[in-house]
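Please look at the sequence and the model before reading the points below.

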Amino acid sequence: MLFRSYSPSIMIVQRMLDGSIPGCPQRWFGIVDVRDLADLHILAMTNPAARGERFLAAADDFMPMVDIARVLKARLGAAAAKVPARQLPNWLVRLVALRDPALKQITAELGRPKNGTNAKARGLLGWKPRSPQDAIVATAESLIRLGLLKETTRKAA
């Protein structure tokens, strides 16, 4: 990490670990490890078959936020003690979004599963990403190691 500011997807994992998120909205995310994203870019730049093509950089099926929470809880033990385990009803998220601009941005996607496939990147370029679960855990471990969580969470790690 070069800067203390980072992407919204990393911020979600950070806020889950910090306990800043009280529950999981019904929202789906494509997960990819940054190392695999870099590998895909290199493969696309160096393989002539990739010329003019687009590739989805997601390790596997998109995951609902509650499953991301389950991965953190299952794989991080005490470091994930503050990760929310419950899924929030859409009506509650919409109600809170009336006062929270960050939540307001996601309300259109609530309860709408997303998906995509990386078959083209795997088949055409031979891309082999890590599992979404490993990418989530690596993100969390980096946040802990770099001291980017609240003090109480770091002590549990």
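Helices (H or I, at least four residues) and strands (E, at least two) are DSSP runs, numbered from the N terminus. The model is predicted: local features need pLDDT of at least 70, side-chain atom pairs count only at pLDDT 80 or more, and totals for chains, interfaces and linings use all residues. Residues are numbered from 1 along each chain as its sequence is written, and side-chain values use heavy atoms, with hydrogens and water left out.

**Overall fold**

- The protein has 8 helices and 2 strands, in the order α-β-α-β-α-α-α-α-α-α from the N terminus on.
- The C-alpha trace spans about 50 × 35 × 30 Å along its principal axes.
- Of the 157 residues in the protein, 38% are buried; buried means under 20% relative accessible area, exposed over 50%, and partly exposed in between (1.4 Å probe, protein chains only).
- Contact means heavy atoms within 4.5 Å. Among contacts between residues at least 6 apart in sequence, 79% join residues at least 24 apart.

**Largest pocket**

- On a 1 Å grid over the protein atoms alone, a pocket is an open set of points where a 1.4 Å probe fits, with protein on both sides within 12 Å along at least five of seven lines; lining residues have an atom within 4 Å of a point.
- Grid points are joined across faces, edges and corners, and a volume is the space filled by probe spheres set on the points.
- The largest pocket holds about 630 Å³ of space. It is lined by 25 residues, of which Ser-9, Ile-10, Val-32, Val-34 and Thr-139 are the closest to its centre.
- Helix H1 (8–18), helix H2 (34–46) and helix H7 (132–145) each supply at least two residues of this lining. H7 provides the largest share, 7 residues.
- The lining of the largest pocket has 17 nonpolar, 5 polar and 3 charged residues. In this classification Ala, Val, Leu, Ile, Met, Phe, Trp, Tyr, Cys and Pro count as nonpolar, Asp, Glu, Lys and Arg as charged, and the others, Gly among them, as polar.

**Second largest pocket**

- The second largest pocket holds about 530 Å³ of space. Its lining has 22 residues, and Arg-15, Ile-21, Ala-102, Leu-103 and Ile-106 are the closest to its centre.
- Two or more lining residues come from each of H1, helix H4 (90–97) and helix H5 (101–104). H1 gives the most, with 5 residues.
- By class, the lining of the second largest pocket has 15 nonpolar, 4 polar and 3 charged residues.

**Nonpolar cores**

- A nonpolar core is a set of buried Ala, Val, Leu, Ile, Met, Phe, Trp, Tyr and Cys residues joined through side-chain atoms within 4.5 Å.
- The largest nonpolar core has 27 residues, and Met-16, Leu-17, Ile-68, Leu-72 and Leu-76 touch the most other members.
- H1, helix H3 (65–76) and H7 each give at least two residues to this core, and the largest share, 7 residues, comes from H3.
- Leu-76 touches Leu-17, Val-137, Ala-140 and Glu-141, not counting residues up to four places away in sequence.
- A second, separate core of 6 residues includes Leu-40, Ala-50, Phe-55 and Ala-121.

**Ile-68 in helix H3**

- Ile-68 lies in helix H3 and is buried, with a relative accessible area of 4%.
- Leaving aside neighbours within four places in sequence, Ile-68 is in contact with Met-16, Phe-29, Ile-31, Met-63 and Ile-136.
- The C-alpha atoms of Ile-68 and Leu-143 are separated by 15 Å, and these residues are 75 residues apart along the chain.

**Helix H4 and Asn-90**

- The buried residues of H4 are Asn-90, Val-93 and Ala-97. Seen down the axis of H4, they fall within an arc of 65°, so they line one face of the helix; the arc is that of the directions from the helix axis to the C-beta atoms.
- H5 is included in what covers the buried residues of H4.
- Asn-90 has a relative accessible area of 17% and is therefore buried.
- Apart from neighbours within four places in sequence, Asn-90 is in contact with Gln-26, Leu-110 and Gly-111.

**Ser-7**

- Ser-7 is found in the segment before H1 and is partly exposed, with a relative accessible area of 30%.
- Ser-7 and Ala-69 are 62 residues apart along the chain, and their C-alpha atoms are separated by 18 Å.
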